[in-house]
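Student: I have just opened this model and would like a friendly tour of it. Could you take me through it with a few questions and answers?

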Amino acid sequence: MIRKHGSARWQGELKTGTGHVSTESGVLNDQPYGFNTRFEGKSGTNPEELIGAAHAGCFSMALSMILGEHNLTADSIDTRATVNLEEKDGGFTITKVHLDVTAKIPGASEEQFREAANTAKENCPVSKLLNAEITMDANLA
């Protein structure tokens, strides 16, 4: 079993408080976040963009693996995950993630690409974790 961790520290009230997130690898080390970076568009990180980055990275790796199972290797896979946070039933929930994928895969047909992309979308570990609608636009360049 592989185990990784991230951590967060929050101080103060919701709207005026501040937090910091860190990752085990140190790539993020006490990166500030707060209400203003999450809900008001201020500069800084937030949980939704971190989930988006994790989902985009996980999906891209899964797609690469699936392509390899069909003796195909991508020159590039570019994935952007847009995470929707909505107010529902008196609270907030992540309702949807949309993946925008563009890949260059020498020798791949459109059908092979779409099948591999859909399989990756359904089966990457982050997709399986999220309890949200996951949609995708996939383009073979």
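Student: Is D89 buried or exposed?

Tutor: We are looking at a predicted model, where local features need pLDDT of at least 70, side-chain atom pairs count only at pLDDT 80 or more, and totals for chains, interfaces and linings use all residues. Residues are numbered from 1 along each chain as its sequence is written, and side-chain values use heavy atoms, with hydrogens and water left out. Buried means under 20% relative accessible area, exposed over 50%, and partly exposed in between, with a 1.4 Å probe and protein chains only. D89 has a relative accessibility of 83%, so this residue counts as exposed.

Student: Where is D89, and what is its phi near?

Tutor: D89 sits in the loop between β4 and β5; strands (E, at least two residues) and helices (H or I, at least four) are DSSP runs, numbered from the N terminus. Most residues other than glycine have a negative phi. D89, which is not glycine, has a positive one, near 50 degrees.

Student: How far does helix α2 reach from its first C-alpha to its last?

Tutor: The helix covers residues 47-69, which makes 23 residues. The expected span is 1.5 Å times one less than the number of residues, and for α2 that expectation is 33 Å. The helix comes close to it, reaching 33 Å.

Student: Which residue caps the N-terminal end of α2?

Tutor: Look for a side-chain oxygen that lies 3.1 Å from the backbone nitrogen of E48. A polar contact is a pair of N or O atoms within 3.5 Å; within protein, one must be able to donate a hydrogen and the other to accept it, and residues adjacent in sequence count only if both atoms are side-chain atoms. The oxygen at this end of α2 belongs to N46.

Student: What covers the buried residues of α2?

Tutor: The buried residues of α2 include H55, F59, L63 and I66. Contact here means heavy atoms within 4.5 Å. The cover includes α1 (35-39), β4 (76-88), β5 (91-104), α3 (110-123), α4 (125-129) and β6 (133-140).

Student: What is the order of the strands in the sheet with mixed pairing?

Tutor: Two strands pair if DSSP finds at least two bridges between them. β5 and β6 run parallel and are joined by eight bridges, with A138 in β6 as the bridge partner of V101. This open sheet has three strands, in the order β4-β5-β6.

Student: What angle does the direction of α2 make with that of β4?

Tutor: Axes are lines fitted to C-alpha atoms, for helices over the stretch in contact, and angles run from 0 to 180 degrees between N-to-C directions. α3 lies across β5 and β6, at about 155 degrees to β6. α2 packs on the sheet of β4, β5 and β6, touching these strands. Its direction and that of β4 make about 140 degrees.

Student: Which strands stand at the edges of the antiparallel sheet?

Tutor: Three strands form this open sheet in the order β1-β2-β3. β1 pairs with β2 (residues 18-23) over six bridges, and T23 in β2 is the bridge partner of G6. An edge strand has a single partner strand, so one side is left without a neighbour in the sheet; this is the case for β1 (6-11) and β3 (31-33).

Student: How many aromatic pairs are found, and which residues form the cluster?

Tutor: Rings of Phe, Tyr and Trp (its six-membered ring) pair if their centres lie within 6.5 Å; planes under 30 degrees apart count as stacked, over 60 as edge-to-face and the rest as tilted. The whole structure has three such pairs, among them the tilted pair of W10 and Y33, with 5.5 Å centre to centre and 50 degrees between the planes. F39 and F92 form a tilted pair at 5.1 Å; F39 lies in α1 and F92 in β5, so this pair ties together parts that are 53 residues apart in sequence. The cluster consists of F35, F39 and F92.
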